[in-house]
Amino acid sequence: MALGDTFVRQVKHSGKPSGDKYTDGGGMYLLVSAAGKYWRMDYRLDGKRRTLALGVYPDVSLAKARQRREKAREQLADGIDPGVAKREEKQAKTDAAANTFEAVSRDWLAKTANKRAAVTQAKVTTWLEKDVFPFIGNLPISTIRAKDVLDKVARRMEARGIHESAHRIVQICSQVFRYAVAVGLVERDVTVDLRGALVSVDKTNYPAITDPKRVGQLMRAIRAYEGHPTVRAALQLSPLVFVRPGELRAAEWSEMDLDAGEWRIPGPRMKMKVEHLVPLSQQAVTILRELQPISGHGRYVFPSIRTGERCMSENTVNAALRGMGYAKEVMTAHGFRAMARTIMDEVLGERPDLIEHQLAHTVKDPNGRAYNRTAHLQARRAMMQRWADYLDELAQGAKVIPFKAP
């Protein structure tokens, strides 16, 4: 005979030590003991009798207990042990609660750190901590949907007018989800559903001055800069070495061989993760020797003005350019690369492969193999000296007369 709601609510423990059982059919019964009322279900599998806990009354009503019984019976019909299935489901929920977006993101950051330069690792971590973790970081990654990333992360950034950063953050979230797919925490990268949902951003190159006459004006402005000596040196070196801003500001004295006129940037700090050799012109060596008494006792060539424990801020050179009167739409720290690339090719007639190699871009030999880091070193050294001499000529106001590389 099936149980009724009134009976379940009113029935009391009789005092029997083992408790009182009241059946409801299909193996399910209500166990009433001094401690409370429990729903149970007995079943047999592989010839063995087993018991499944269906919940505690009144948290689990009679109707809810019957639903769980029917689910268990369906599992038995499919050859599934409902007791094992319940434990696995419970474990899955525990795992999901532990694998929050923040936890998975930090695991991803640690596991993939060797693929990024230290400055990039710090930047990505900061982005996540500032714009993602406060809003979806505590959610189990398996429960996050595309709309969560859109509404709680991307839209917040768009509301602040930082549309390009919103795209970048979604790309980072995508990498976290792909990592989660690889380790079996989620089925797919949900951010792929956001294509076309974000405010579009026009792709533009970094602003750069590429007219030789205006470059001469810029060189004179840099030489007249009266700010902090390390900032002045960074400004002076930027056009001479034209490395990426992050590579320059994180330069370490241990990487410099001033006697040989070489700067070897370790692979982990490079975008392509390959050691990069920068031949230093006589002008670059002079700047570095003058800087040695100021920062040579520490680790960084360009230490932070506030503390020598960190390198110069990523905004320092750009801020100096702004102070010199160069708006962000006119010239940026990254623009020194485009400046060198354009003029060395179009005005000075330098070999394009040497320019690309010096920009730390992948350059291949006639057989399709990537050149190693020391390829054409003497030719590149001569090219870098010609470039430094040419910048001197422009700074001195000489007529802009193109000359071809020998």
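Select D81 and R50 first: the two form a salt bridge, with the closest N and O atoms 2.6 Å apart. A salt bridge here is a side-chain nitrogen of Lys or Arg within 4 Å of a carboxyl oxygen of Asp or Glu. The model is predicted, so local features need pLDDT of at least 70 and side-chain atom pairs 80 or more, while totals for chains, interfaces and linings use all residues. Residues are numbered from 1 along each chain as its sequence is written, and side-chain values use heavy atoms, without hydrogens or water.

D81 sits in the loop between α2 (62-77) and α3 (82-98). R50 is in strand β4 (residues 48-57), 31 residues apart from D81. Helices (H or I, at least four residues) and strands (E, at least two) are DSSP runs, numbered from the N terminus. D81 is buried at 12% relative accessible area; R50 is partly exposed at 25%. Buried means under 20%, exposed over 50%, partly exposed in between (1.4 Å probe, protein chains only).

Next, pick R106 and E129. Their side chains meet in a salt bridge, 3.1 Å from N to O. R106 lies in helix α4 (residues 101-111) and E129 in helix α5 (residues 118-131), so the pair ties together parts 23 residues apart in sequence.

Now go to helix α7 (residues 146-159), where D148 and K152 lie four residues apart, about one turn. Their salt bridge has its closest N and O atoms 3.8 Å apart. D148 is buried at 17%; K152 is partly exposed at 31%.

Finally, select D24, R66, R69 and E70. Salt bridges with shared partners join these residues into one network. By the rule above, the count is 27 salt bridges.
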